[in-house]
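Work through the exercises below with the structure in view. Each task is followed by a solution in steps.

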Amino acid sequence: MKVLFRFMLMSMLGLSTIVFLDSCKKVEGCTDVEAENYNADADVSDGTCTYARDKFVGTFAGQLSCQAPLPSDEEFLIVISEGLTNNSEVLISFQNVDPPLPELTARVDGNSLVIDPETVDIALNPATPDETTQLTYSGEATIDASGVNLSGELRVLLVIIGQTLKCDMTAVKQ
């Protein structure tokens, strides 16, 4: 009986030691609920969090096809970088566009990028930089599943005349 009691006691101690040691294991993974690869079981962040904006960050070569009087069939570069305020914000810079476009802020949700209306003063004529016109930019774009092809629409509201002009945009990640 004593031997049986000792065996049971040793077995229980061994089992509780295994359970205790197993419960000390920390699960590593992405612990940020805003990330696309959030792991609810993770206890410790391993630095692998990826966000919807990550697929948009980079340089794209593209073409704008705009309504007159905006330039049409103009090739450009669009540089998209991480925003400053949160994990779903990006900054958009159009390069090689005449007249130059301002840097715009956009938000990313899944495979969609949205430029909320943003009003800026622009000098449309470089010869008279002090004469500015208010323009309001807005738009949206989507990126395909491969993360390479970007397409969408940029809208430019000429505040002075109240007319919105549209530019179709297609671009390929470089």
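**Exercise 1: the cavity**

The residues that line the largest cavity divide into 9 nonpolar, 1 polar and 2 charged; nonpolar covers Ala, Val, Leu, Ile, Met, Phe, Trp, Tyr, Cys and Pro, charged covers Asp, Glu, Lys and Arg, and polar covers the others, Gly among them. This is a predicted model, in which local features need pLDDT of at least 70 and side-chain atom pairs count only at pLDDT 80 or more, while totals for chains, interfaces and linings use all residues. Residues are numbered from 1 along each chain as its sequence is written, and side-chain values use heavy atoms, with hydrogens and water left out.

Task: find which residues line the largest cavity.

Solution. 
- Step 1. The structure holds 1 cavity of 30 Å³ or more. A cavity is a set of points, on a 1 Å grid over the protein atoms alone, where a 1.4 Å probe fits but cannot get out; lining residues have an atom within 4 Å of a point.
- Step 2. The volume of the largest cavity is about 60 Å³, where volume is the space filled by probe spheres set on the points, and grid points are joined across faces, edges and corners.
- Step 3. Its lining consists of Ile78, Ile92, Phe94, Leu113, Ile115, Gly139, Glu140, Ala141, Leu150, Glu153, Leu154 and Met169.
- Step 4. Two or more lining residues come from each of S5, strand S7 (112-122), strand S8 (133-143) and strand S9 (149-158). Strands (E, at least two residues) and helices (H or I, at least four) are DSSP runs, numbered from the N terminus.

**Exercise 2: the aromatic pair**

Task: state how many aromatic pairs a search of the whole structure finds, and describe the rings of Phe76 and Phe94.

Solution. 
- Step 1. The search of the whole structure gives 1 aromatic pair. Rings of Phe, Tyr and Trp (its six-membered ring) pair if their centres lie within 6.5 Å; planes under 30 degrees apart count as stacked, over 60 as edge-to-face and the rest as tilted.
- Step 2. The ring centres of Phe76 and Phe94 are 5.7 Å apart and the planes are at 50°, so the pair is tilted.
- Step 3. Phe76 belongs to strand S4 (residues 74-82) and Phe94 to strand S5 (residues 89-95), so the pair ties together parts that are 18 residues apart in sequence.
- Step 4. Both Phe76 and Phe94 are buried (under 20% relative accessible area; exposed is over 50%, partly exposed in between; 1.4 Å probe, protein chains only).

Conventions. On a 1 Å grid over the protein atoms alone, a cavity is a set of points where a 1.4 Å probe fits but cannot get out, and a pocket is an open set with protein on both sides within 12 Å along at least five of seven lines; lining residues have an atom within 4 Å of a point.
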